[in-house]
There are 2 protein chains.
Amino acid sequence: MTDTDNNYPPERKRGSGVKMVYDILRDEILDLVLPPGSPIDEVQLAERFKLSRTPIREALVRLAGEGLIDTLPNRSTMVSNIDFLNLHTFFEALVLMYRVTTRLAAQNHRPEDLPVIRGFHEDYAAAVQSRDALAMIATNAAFHAAIAEAGRNPYFTSLFRRLLDEGRRILRLYYQSYEEQFPQRFVDEHAEIIAAIEARDVEAADRLGKAHAEQIVEQVQKLFTRNNKLDIDL
Amino acid sequence: MTDTDNNYPPERKRGSGVKMVYDILRDEILDLVLPPGSPIDEVQLAERFKLSRTPIREALVRLAGEGLIDTLPNRSTMVSNIDFLNLHTFFEALVLMYRVTTRLAAQNHRPEDLPVIRGFHEDYAAAVQSRDALAMIATNAAFHAAIAEAGRNPYFTSLFRRLLDEGRRILRLYYQSYEEQFPQRFVDEHAEIIAAIEARDVEAADRLGKAHAEQIVEQVQKLFTRNNKLDIDL
DNA sequence: TGTATTTTTCTTGTCGACAAATAAAATACA
DNA sequence: TGTATTTTATTTGTCGACAAGAAAAATACA
C-alpha cells in the first residue's frame with residue numbers, strides 16, 4: 001500500500017455508491033426479484049454491497065420518493081405493494097399519458113430521436129422473437145420512454161416513466177403467473193406508432209397511442225379477472 | 001441527567017429529523033427565501049438545525065427527487081433554477097392537469113371533500129382581501145391540490161402537486177418584481193369551480209379548469225414579456 | 001393453555017470522524 | 001500583468017459507533 005492508495009475498492013469510485021445501490025435495487029424491484037411487500041433490511045444490504053449503511057439509506061430515500069418502497073420512521077422498510085383495488089386510476093393515467101407522449105413526439109421529435117426509438121423497437125422485436133419475457137417487458141418500457149423523451153415535456157415524461165415502471169411490475173406478475181405470450185401484434189403496433197411519429201401525424205399518433213394503451217389495459221385486466229375467478233372458486 | 005434521559009432535545013423526537021428539515025427547506029424554496037441557483041451547504045444547515053449532516057443529506061435527497069434542488073456527486077448542491085426557456089412545457093402540462101384534476105373532482109368527489117376545498121377557498125379569499133401575496137400564492141396551490149385529491153387519482157395528483165409547487169415559485173418571483181395585484185376575479189372563478197364540482201358537472205368543471213389555468217398562464221407570460229422588453233431597451 | 005409482562009435481540013436514526021474531491025488562495029514564472 | 005502551478009481550505013461521501021424504538025423470545029401467572 002502506497003500513500004496514494006485510496007479507500008475505495010478499485011472498481012468503485014467515491015460518490016458512486018448511492019447510485020449503484022439505487023440502480024440495482026430499482027431493477028430488482030421492477031423485475032420482481034424483490035416482490036411487492038418484501039422487507040428491506042439495511043444491515044443485510046450493507047453487507048451485500050460492502051458499503052456502510054449511510055449510502056444504502058440514501059438510495060432507499062430515492063426509491064421511496066419514486067413510490068417503489070414504503071418507509072415509516074423507526075420501522076422496517078418494504079417494497080411497495082401494487083394497489084390492485086385501485087388499478088383503474090393507473091389505467092386512467094396510463095391511457096392519457098400514452099396519448100399525450102405519443103402525440104407530443106409526433107409534434108416535437110428531432111433527427112436524433114428516431115434512431116434511438118428504432119433501436120429500442122428492434123430490441124423489443126428481438127425479445128419477442130426469442131421469447132424472453134423480462135427483456136420484452138423492459139424494452140417495451142424503454143421504447144415508450146424514448147418516445148416520451150422525443151416529446152420534450154419533462155413533466156409528462158417523468159409521470160409516464162413512473163407509470164411505465166409500475167406497468168413493468170404488473171406485467172412481470174402477469175408473465176410469472178400465466179402461460180407466456182409473445183404477441184407479434186405489439187411489434188407491428190410499435191412500427192405503426194413510429195411511422196406516425198416520423199410523419200408528424202399528430203392525430204394518428206394520438207389514436208395509435210390510445211389504442212395501444214387500451215390493449216395493455218385489457219391484458220392486465222385479464223390478470224385481475226382471472227384472480228377474481230380463482231378466489232370465488234375457493 | 002438521569003439514566004432515562006434521551007439524547008434528543010425535548011422538542012424533537014427520534015425519527016423526526018429528516019422530515020423537519022425537508023419541510024422547512026421545501027417551504028423556503030417555494031417561498032423563494034432560498035432563491036433559484038442559491039447554494040446549499042450541508043455544514044451550515046447542520047449547524048442551523050442542530051443536527052448532524054446525515055439527516056440533512058437525507059432531506060436533500062428527498063428534495064432532489066422532487067426537482068427542487070440539483071445535486072451532482074462531489075459537488076455543491078443548489079436550489080434548482082426555473083427553466084424560463086422551456087416555460088411552454090410547464091404551461092402545457094399545467095393546463096392539461098388543471099383540466100384533468102378539476103374534471104375528476106367533479107366525477108369522484110366525496111362528502112368529506114367539499115368542506116376541505118371550501119376551507120382553502122376561504123383562506124384564499126382572506127389572503128386576497130388582506131393583500132398578503134405569500135398567503136395568496138400558497139392557499140391557491142392548496143385549494144387546487146385539494147381539488148386534485150378529491151379526483152382520487154394519485155398519479156395525476158402527484159404530477160399536479162409538482163406543477164403547483166413550481167407555479168408557486170414562478171408566482172412568487174412575479175409578485176416580488178411587480179406591483180402586487182390581488183384580483184377578486186380569481187376568487188370568483190374558484191367559487192364557480194366549486195359549484196361545478198358540487199353539481200358533478202364534469203364538462204363545466206373541465207371548461208372552468210382550463211379557463212382558469214389559461215388565466216394563470218397569461219399572468220406568468222406577462223412576467224416573461226416584460227423582461228424581454230426591458231432587455232431590448234438597453 | 002392462553003395471556004400478560006419482562007427481557008433480549010434486532011433494526012433504525014443519528015452522531016462525529018476520516019479522507020477524497022473540489023474550490024479558493026497563494027506562489028511562481030514569463 | 002496574466003497565466004500556470006502549488007498549496008491550503010472547504011465541502012462532500014462514507015465510515016463505524018452509539019442508542020432509541022420495535023420486534024421477537026422468554027418468563028410468569030391465572
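Visitor: Which residue of chain A has a side-chain N or O atom 3.2 Å from a phosphate oxygen of DNA strand D?

Guide: In this predicted model, local features need pLDDT of at least 70, side-chain atom pairs count only at pLDDT 80 or more, and totals for chains, interfaces and linings use all residues. Residues are numbered from 1 along each chain as written, chains are lettered from A and ligands numbered from 1 in written order, and side-chain values use heavy atoms, without hydrogens and water. A polar contact here is a pair of N or O atoms within 3.5 Å. The side chain placed 3.2 Å from a phosphate oxygen of DNA strand D is that of A:Arg75.

Visitor: Which element gives the largest share of the surface near DNA strand D?

Guide: Helices are DSSP runs (H or I, at least four residues), numbered from the N terminus. The largest share, three residues, comes from helix 3 of chain A.

Visitor: Which side chain has an N or O atom 3.2 Å from a base nitrogen of DNA strand C?

Guide: A backbone N or O atom of B:Gly17 lies 2.9 Å from a phosphate oxygen of DNA strand C. The side chain 3.2 Å from a base nitrogen belongs to A:Arg14.

Methods
A polar contact is a pair of N or O atoms within 3.5 Å; within protein, one must be able to donate a hydrogen and the other to accept it, and residues adjacent in sequence count only if both atoms are side-chain atoms. Helices (H or I, at least four residues) and strands (E, at least two) are DSSP runs, numbered from the N terminus.
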